[in-house]
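I opened a structure that was new to me and kept notes as I went. The entries are in the order in which I looked things up.

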Amino acid sequence: MNYNWNWGIFFDASPEGNGTYADMLLSGLMWTIVTALCAWVIAFCLGSVIGVLRTLPSKTANAIGTAYVELFRNIPLLVQMFLWYFVLPELLPQRLGDAVKQMPDAPFYTAVVCLGFFTASRVAEQVRAGIQALPRGQRMAGTAMGFTVAQTYRYVLLPNAYRIILPPLTSEFLNNLKNTSVALTIGLLELTARARSMQEFSFQVFEAFTAATILYVIINLCVVTAATFLEKAVAIPGQR
Amino acid sequence: MTQFELARRGVAAALGLTLALAPLSGHAQDLTGTLKKVKDSGAITIGYRDASVPFSYLGADQKPIGYALDICYKIADAVKAELKLDKMEVKLNPVTSATRIPLIANGTIDLECGSTTNNAEREKQVAFTNSHFLTATRFVSKKSANLHTIEDLKGKTVVSTSGTTNIKQINEANTERKLGLTILPAKDHAEAFLMVETGRAAAFVMDDVLLASLVASSKDPGAYEISKEALSKPEPYGIMLRKDDPAFKKVADAATAKLYTSPAGPALYDKWFTQAIPPRGINLNLPMSEEMKKQFANPIASPDPAAY
Amino acid sequence: MLSNFDFSVILTSLPYLFGQGMVFTVSLTAMAAAGGVVFGTLLAMARLSGIPGLWHVAKGYVELCRSLPLVLVIFWFYFLVPYIGAYLTGSSTPIQVGAFPSALITFIAFEAAYFAEIMRAGIQSIPKGQTAAAQALGMNYWQTMGNVVLPQAFRNMLPLLLTQTIVLFQDTSLVYVLSLTDFMGAASKVAQRDGRLVEMYIFAALVYFAVCFTASFLVRRLQRRVAIIR
């Protein structure tokens, strides 16, 4: 292959003026992690609520939950990101829209909100599947014990459901982490965006993407390891 | 190696031997690199860009067209003549800013025809033939914003496309001249321009020729102005080739020099820059600059802007 | 801004968007989902088999795939498959693998990891007593899996499997890194060339919504029909 390898490139000064290419990639990694965690907080809370709504006896609650999930999971994230950033401010009243546009770090906030709402629809589906996978008897037992609906969910259904869906939920978290890379379309300087601009400045494509790949593998392995421990720690003795 | 291949090589070797014995075949033996590859496969592959108007982009029927592509076809003709081939296929392969280097390196494409800036750093990785365009870094803003010089931008938010030489230059200018700019990176030129259109940024810093094509194809071309003041000297665009392949580069250089110095060169320029171009019939209205006239009269392939 | 929309750009590019883009997206999704479910189920079984070595490999594979962003995986496959091919066939020059086969291989290999996780949860949701009962009846491992466990696991996880396929349908838009022309790629190529991003993206949002909403509506109807009452 006619390619000029140069692994020392990471220690060359980056053209953006502050630090080396390695610093540039690490700052990208930092933005990736921060964005993913903030978005996950929204996704997990909102997703649990929506997922529960979809399993309640109430027709209205069902409809709201279903509408939310259908809206957010049926449009590709790339497009949603674009709509939040470029179209939403135009629909707001002029003054509010201008304020949103002038906000410092606008790409970061937009990315967090967009990713959080998007991932919430996925989390909601997992929560619902988890609750529905439980034997019907559990809900009945809760009622028979004199629990209110809220208590049945809090003490009987949700603790079991979360345990069942822990593996797919970990997948969703990893997805969420990797999906932050889509935010590069609205100018968030996360890891993939940094690797891209590094390769365009230096033309060292393979080095830049190798570094990004390795960094992603490392943070994901940390998450997977943590999830495995969590899975073991919360397992109910006797159940497999 | 498969049996078939062994057999094929045997035939090729036998042919080579016969040819070597024939008096006229001296130089066919010395072929290396791209020329050898083209001779062996009977095909040359050109990499094109999707949306670099008017250098290399998809026309009305979604087939690639453009100024740089026309030049590449001339190079392909020259290669065909050089190798004395009766038939040579010209294949087209789409590339992006991220795939162009690996695809040149792994031999998928032989020429990259777009709007790639030739600079010293990139010459470590690839080679460039004679520059086909010169462009300076300027900025576009809304006329209503009344921004004419770089000083006018003080304290404003500006956007540029991530990973370009332009974002590097505005960063440097920002530090040196204490402009206090907020610099946003955008994924591509179209999104960067949209940030100016929607008021997310006051100005978009980019190669002036790309700005001209964005303004011309916008909904209201009259609403924007491109600054007179430039952030850089005119920088060269070149067609990329594989590095360390002097024989192929010589053919490409000779072909482009011949085109540029003949009357067909300026005519080709006019076709794409001063006349209506497909698919929507926009006209960029960019007559040749003095530097371009000099470059066409005496073509060079230097990465140094001062040389032009 | 919304008042001066220019929708003519959509009309003139419709044949390109659907004739070329949508056909590509749909065929890639269908083939990748079929391949991914088969490969994913095998991975899940391997992972739960408890055979030393085998389950480690399966686990390692699934976790590596889940660690990497799809964009990077597509990128690596596209550039490295020609060299792997050359190595396997002993050819001296990189072999040319078309962009579509390259994308298809990538998606099957990658999505299998996700399908494997869903199937693992599905297999684990079947009470242990059933496996024990099947073994008591004298069934071997493949009979137990094929006749008792997997049919129920598929039923329980059908909504999730199909949801993942809808995700896959949307994920195929990431082949833009290879500048292939799927639906999203076609839309953004036209949008960028003509400077009509907002119109094109809204249009793409509507099309994706219509397709995916219809699909997930059908999934819900199907789910009601196959649901096991407990």
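**Entry 1: ground rules**

I am working with a predicted model, in which local features need pLDDT of at least 70 and side-chain atom pairs count only at pLDDT 80 or more, while totals for chains, interfaces and linings use all residues. Residues are numbered from 1 along each chain as its sequence is written, and chains are lettered from A and ligands numbered from 1 in the order in which they are written.

**Entry 2: chain A**

I looked up the secondary structure of chain A and found ten helices and zero strands. Helices here are DSSP runs of H or I with at least four residues, strands are runs of E with at least two, and both are numbered from the N terminus. Read along the sequence, the pattern of chain A is α-α-α-α-α-α-α-α-α-α.

I then took the extent of the chain. The C-alpha atoms of chain A fill a box of roughly 70 × 55 × 30 Å along the principal axes. Of the 240 residues in chain A, 46% are buried. A residue is buried if 20 or more other C-beta atoms lie within 10 Å of its own, exposed if 12 or fewer do, and partly exposed in between, with C-beta atoms placed from the backbone.

I also looked at contacts, where two residues count if their C-beta atoms, placed from the backbone, lie within 7 Å. In chain A, 73% of the contacts with a separation of 6 or more are between residues 24 or more positions apart.

**Entry 3: chain C**

Chain C has eight helices and zero strands. From the N terminus on, I read its elements as α-α-α-α-α-α-α-α. The C-alpha trace of chain C spans about 70 × 55 × 25 Å along its principal axes. Buried residues are 43% of the 230 in chain C. For contacts in chain C with a separation of 6 or more, residues 24 or more positions apart account for 74%.

**Entry 4: where chain A touches chain C**

How many residues does each chain bring to this contact? I noted 33 residues from chain A and 35 residues from chain C. On the chain A side, the elements giving two or more residues are α3 (77–91), α5 (106–133), α8 (166–179) and α10 (205–234). The largest share of that side comes from α10(A), with eight residues. By class, the chain A side has 21 nonpolar, six polar and six charged residues. The classes are these: Ala, Val, Leu, Ile, Met, Phe, Trp, Tyr, Cys and Pro are nonpolar, Asp, Glu, Lys and Arg are charged, and the others, Gly among them, are polar.

**Entry 5: where chain C touches chain B**

This contact takes 19 residues from chain C and 26 residues from chain B. On the chain C side, α3 (70–89) and α7 (183–194) each supply at least two residues. I noted that α7(C) gives the most to that side, with five residues. The chain C side divides into nine nonpolar, six polar and four charged residues.

**Entry 6: a helix pair in chain A**

Two packed helices are described by the angle between their axes and the distance between the axes. I looked up α5(A) and helix α7 (residues 149–164) of chain A, whose axes come within 8 Å and cross at roughly 110°. That makes α5(A) roughly perpendicular to α7(A), a word that covers angles of 65 to 115 degrees.

Which residues make the contact? From α5(A) they are A:V127, A:G130, A:I131 and A:A133, and from α7(A) they are A:L157, A:A161, A:Y162 and A:I164. Seven of these residues are nonpolar, one is polar and none is charged.

**Entry 7: B:F204 and its strand**

I found B:F204 in strand β12 (residues 203–207) of chain B. Is B:F204 buried or exposed? B:F204 counts as buried because it has 30 C-beta neighbours inside 10 Å. In β12(B), five of its five residues are buried.

Leaving aside neighbours within four places in sequence, the contacts of B:F204 include B:F139, B:V140, B:A192 and B:L211. I also checked B:L111, which is 93 residues from B:F204 in sequence and 30 Å away in space, C-alpha to C-alpha.

Last, I looked at the strands that pair with β12(B); pairing takes at least two DSSP bridges. Strand β9 (residues 137–142) of chain B runs antiparallel to β12(B) and is joined to it by five bridges. Within this pairing, B:S141 has B:A203 as its bridge partner. Strand β10 (residues 157–161) of chain B pairs with β12(B) in the parallel sense over two bridges. There, B:V159 stands opposite B:F204.

Note on methods
Axes are lines fitted to C-alpha atoms, for helices over the stretch in contact, and angles run from 0 to 180 degrees between N-to-C directions. Angles under 35 degrees count as roughly parallel, over 145 as roughly antiparallel, 65 to 115 as roughly perpendicular and the rest as oblique.
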